[in-house]
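Please keep the sequence and the structure in view while reading.

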Amino acid sequence: KKSRGCSKNSASQKRVSLSIVFMSRLASLPRTLFANRVSRLSFAGKERNRARRDRTMTFSPSAESLPSPSWKNDKSAALMRGLREAVESCNDVTEEDLSSNKFIDLLVSGSHVGHVRPDFAEALIKHGKLEAADGYALFSKSEKGVVCFDSENRYASSEEKTRVVAEVFEKMRELSLIPGWRSEMFPVVSDEGDVCMNVERASASLLGIKAFGVHVNGYVNSNNSGNSESKVLLWVGTRSKDKQTFPGMLDHLSAGGLPAGMAPTICAVKELAEEAGVPEQYSEENVKSASCVSYRMFYKECVKRDVLFCYDLELGKSFVPKPVDGEVESFELLPLERVCEIIAFEPGRFKPNCVLVIIDFAIRKGIVTCDMPGFPELVKALRR
């Protein structure tokens, strides 16, 4: 009996031992399958990397060998240089200029908003006293040499700041210290993006503040309808010779400064109706917000810092824009390639900031492409 009991216990232990071995192997099965999968993936990855290296070794194009879809190869490099020079002409203010004694920083409520010429800074301090507030100096110079607006923070809201600065600027207008008065308000935006107050548009470049505008590319898809080989034709306006700024230069279908409190799209629709006679309903339904460019240039010895909202409007082949408000003398429909050539090879014909918007448009329409030499640098230069 004892022998049979021992035999039963031995058999039972053997079954338990086999069960443990089986369960152990079963538990390790997922790890084995995962290891096999990792091995296969690793092998596949190595094969892909080897294929990439082979492609890189067999095709490594130089700038000269890259194809140009819209211009002959020997012309594309010169065109790209010309486009880049046109863009750089709108970006001639350097960081060294801003940190030199050419300009003084302007602060509102402790936030930086602009760059002021020393002579205009002195004019702000001299004429910036509020008679109704016991001669309080609205503009003053700090110990660090920067010009501060309302250093005592007497006027907390943007509405109060707008009201009191308007009194000072109206007095400076009478003294001919702010020429070209437009009776239009522009926002004063801090480097952090906060709207501090609104000021007369004519003072924007004098204060060196960031200003905003809207430009519309009015174009026609030609489908090679006999006009040219170009698939995109752009409406180009000629500015009136009586304009205060850039008279007689080539311009967009419509463009304008963005007033304080107005949405960019509403401004685009308004400018299209006022400058080119485009029906508002058509613009509202078809104008497309497309891009944004910015620049920093010298303008009458001041810093002009503009951000331009870019819109596209496709027009029918039968539509012909008409000058409405007298700001534009005439319109002409040109192949987009030809417009780019004018910008690159005939400097000074286009209003300077228009070239940034048109080049951005040409990039998005595939006229100026990644295959052209200097493309990354050109794209980067469109936004400062």
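A residue is called buried when its relative accessible area is under 20%, exposed when that value is over 50%, and partly exposed in between. By that rule Cys267, with a relative accessible area of 0%, is buried. The model discussed here is a predicted one, and the points below are grouped by topic.

**Cysteines**

- A disulfide is a covalent bond between the sulfur atoms of two cysteines.
- The structure holds zero disulfides, and for Cys310 the reason lies in distance, because its sulfur is 6.4 Å from the closest cysteine sulfur, that of Cys292, which is too far for a bond.
- The cut-off for counting a disulfide is a pair of cysteine sulfur atoms within 2.5 Å.
- Cys310 also counts as buried, since its relative accessibility is 0%.

**The largest pocket**

- The space in the largest pocket amounts to about 950 Å³, and its lining is made up of 45 residues, of which Arg182, Arg201, Thr245, Tyr299 and Lys304 lie nearest the centre.
- The elements that each give two or more residues to this lining are the helices α6 (204-207) and α7 (264-276), together with the strands β9 (210-221), β12 (254-257), β13 (288-299) and β14 (302-314).
- Strand β14 gives the most to the lining of the largest pocket, with six residues.
- Sorted by class, the lining of the largest pocket has 18 charged, 17 nonpolar and 10 polar residues.

**Nonpolar cores**

- In soluble globular proteins, nonpolar side chains tend to be buried together.
- The largest nonpolar core has 39 residues, and those with the most contacts inside it are Leu83, Leu336, Val339, Ile343, Phe350 and Val368.
- Two or more residues of this core come from each of α2, β10 (232-239), β13, β14, α9 (336-345), α10 (354-364) and α11 (375-381), with α10 giving the most, namely eight residues.
- Leaving out residues up to four places away in sequence, Leu336 touches Ser230, Val232, Leu233, Leu234, Ile358, Phe361, Ala362, Lys365 and Ile367.
- A second, separate core has 36 residues, including Val116, Ala133, Val188 and Met197.

**Lys75**

- Lys75 is placed in helix α2 (residues 73-88), and, when neighbours within four places in sequence are left aside, Lys75 is in contact with Glu341 and Phe345.

Definitions and conventions: Residues numbered from 1 in each chain as written. Predicted model: local features only at pLDDT ≥ 70, side-chain atom pairs only at ≥ 80, totals over all residues. Heavy atoms only, no water. 1 Å grid on protein atoms, 1.4 Å probe; cavity = no way out; pocket = protein on both sides within 12 Å on 5 of 7 lines; lining within 4 Å. Points joined across faces, edges and corners; volume = space filled by probe spheres on them. Helix = DSSP H or I, 4+ residues; strand = E, 2+ residues; numbered from the N terminus. Nonpolar A, V, L, I, M, F, W, Y, C, P; charged D, E, K, R; others polar. Buried < 20%, exposed > 50% of the residue type's maximum accessible area, 1.4 Å probe, protein only. Contact = heavy atoms within 4.5 Å. Core = buried A, V, L, I, M, F, W, Y, C linked by side-chain atoms within 4.5 Å.
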